[in-house]
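My notes follow the structure.

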Amino acid sequence: MNTPHVRLRIRTTGGQALALGLFFLFACAAVLYLMFNSGRAVDEKIRLTNAADGVAYSVALMEARALNYDAWTNRAIVANQVAIAQAVGLAAWLRYFERGVANASLLAGLAGSWIYQPDDYPDLLRLLAAFAGTAYADTLGGQPIAGALPALERSLATIVAAHDGASRALTGSQALLHASLATGAAQQALASELVRRIDPAMSAELIPASHGFAGFTRRYGRNEPEGDRRGRLAELTTRALDDFSRERRWSIEGPDLFPLQRNVTLKRRGGTELIGFDQWRALDTLEHEGQRLRKGRWRWQRRSIAWGAAETGSAEDGRGEHGDSYRDNPKTSKTYAEPSMRDLDRVGASFAGLPDTRGLADLSAGPATSTGLSLRVSKPRSALRLSGGSSQVRPSGRLRQFDAPVPGDAFAALARAEVFFERTVARDDGRGELPSLYAPYWQVRLASPTAADRAWAAARQQGAALP
């Protein structure tokens, strides 16, 4: 018996799985490409942002150091002026001491003919010992004090000239420094160099609209549009004088003893002062006065014992008080000290007056005052490490739709840094300190870009705002 054969025919659908596979592969490629590009874009943006912050901080630090340099040099100028005052004061004191030695016998006679307060006798004896002892040494050694005085004056004149030259040099260094920073060219050069070191493809642009360093400070000199502006330097210098230069005064008094004497005073007066802005002058006097009863009336007796005066610089109208010498010792000051004024410029001194200095343009600025700069750091699309840039992964075909254009054909980042004033340590007196170019406490901090910065950057990015 024959069994019939049964044939089964299976019909397959060719190509359907391949289409699904190709779609899946395309979707995976798009996702991978998107992830690659997004990661690279984020990485490039972070690099640009960090570079912009770092470069802005570094360039602002250069400006802060310039302001601190101004502060240190201004302090150095004040110190040099104080040294000049000390030299002039010492020259006057030497002349005063020389005259006191010559009149030692007069002082001894006055000390023996008047009565003084018991507590003042030690000071009187020390003064007598200084003058009389030196006079005695002169008689033994051929007047060594008088012989050494010209050489000492020439040495003091040399000191005056040296410190005046140092002040001029410091002023010149301030002018050169600000000439290089006022236009922003030095800041731009530094920013460009720094970003090139970070990434040769990056470039930095200083935003001129928000850069106010040129107007933040100004020169304070003799030939300013408002007139002579050296008054603040003169005030600070006068306040910085040491005790010897500022005022050299004391008094030895006697009691009122009827009918022997009354109003007895041995008055030492002197001091070194800045006359105007272009002359240092020192004056020292020692004068004795008292009243004796003569024919029923109290009569004044005044004797000039010692005097000395010195000056440097151009003549100025007016005169100083010199420790109230003109008021308390008028006879000695006007009759003897002024005519014997020693001009140190004739023996080598050279004082051209107070120099120009830098200061804040707004002297009334409060603690919140600051200056700053903003930078735009960019990198061209062709150098970006993502597809379509320097990366070897480039889109083709339909994947190009994921390759969106970059505004301005570059990635960019904004950054701003501010230079502000803040003491690093608190003052001993607990008081605050306003910003100035006499205190080197200028520091740097990062800040948010201004609206003007963002508008300027948006114009460079085809209107796209930078975060």
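I take a residue as buried when its relative accessible area is under 20%. The model I am reading is predicted.

Entry, ring pairs. I counted nine aromatic pairs. I looked up Tyr96 and Phe131, whose rings pair edge-to-face, with 6.2 Å from centre to centre and 65° between the planes. This pair joins distant parts of the chain: Tyr96 belongs to helix α1 (residues 16-102) and Phe131 to helix α3 (residues 121-141), 35 residues apart.

Next I turned to Phe216 and Trp442. Their ring centres are 5.7 Å apart and their planes stand at 85°, so I list the pair as edge-to-face. I find Phe216 buried at a relative accessible area of 10%, and Trp442 buried at 3%.

Entry, cluster. Which residues do ring pairs link with Tyr96 into a cluster? I wrote down Trp93, Phe97 and Phe131.

Entry, charges over rings. I looked up Arg319 and found its charged end over the ring of Tyr326, 4.0 Å from the ring centre. I also noted Arg75, which lies over the face of Trp72 at 5.8 Å from the ring centre.

Notes:
Residues are numbered from 1 along each chain as its sequence is written. This is a predicted model: local features need pLDDT of at least 70, side-chain atom pairs count only at pLDDT 80 or more; totals for chains, interfaces and linings use all residues. Side-chain values use heavy atoms; hydrogens and water are left out. Rings of Phe, Tyr and Trp (its six-membered ring) pair if their centres lie within 6.5 Å; planes under 30 degrees apart count as stacked, over 60 as edge-to-face and the rest as tilted. Helices (H or I, at least four residues) and strands (E, at least two) are DSSP runs, numbered from the N terminus. Buried means under 20% relative accessible area, exposed over 50%, partly exposed in between (1.4 Å probe, protein chains only). A charge sits over a ring if NZ of Lys or CZ of Arg is within 6 Å of the ring centre and within 35 degrees of the ring normal.
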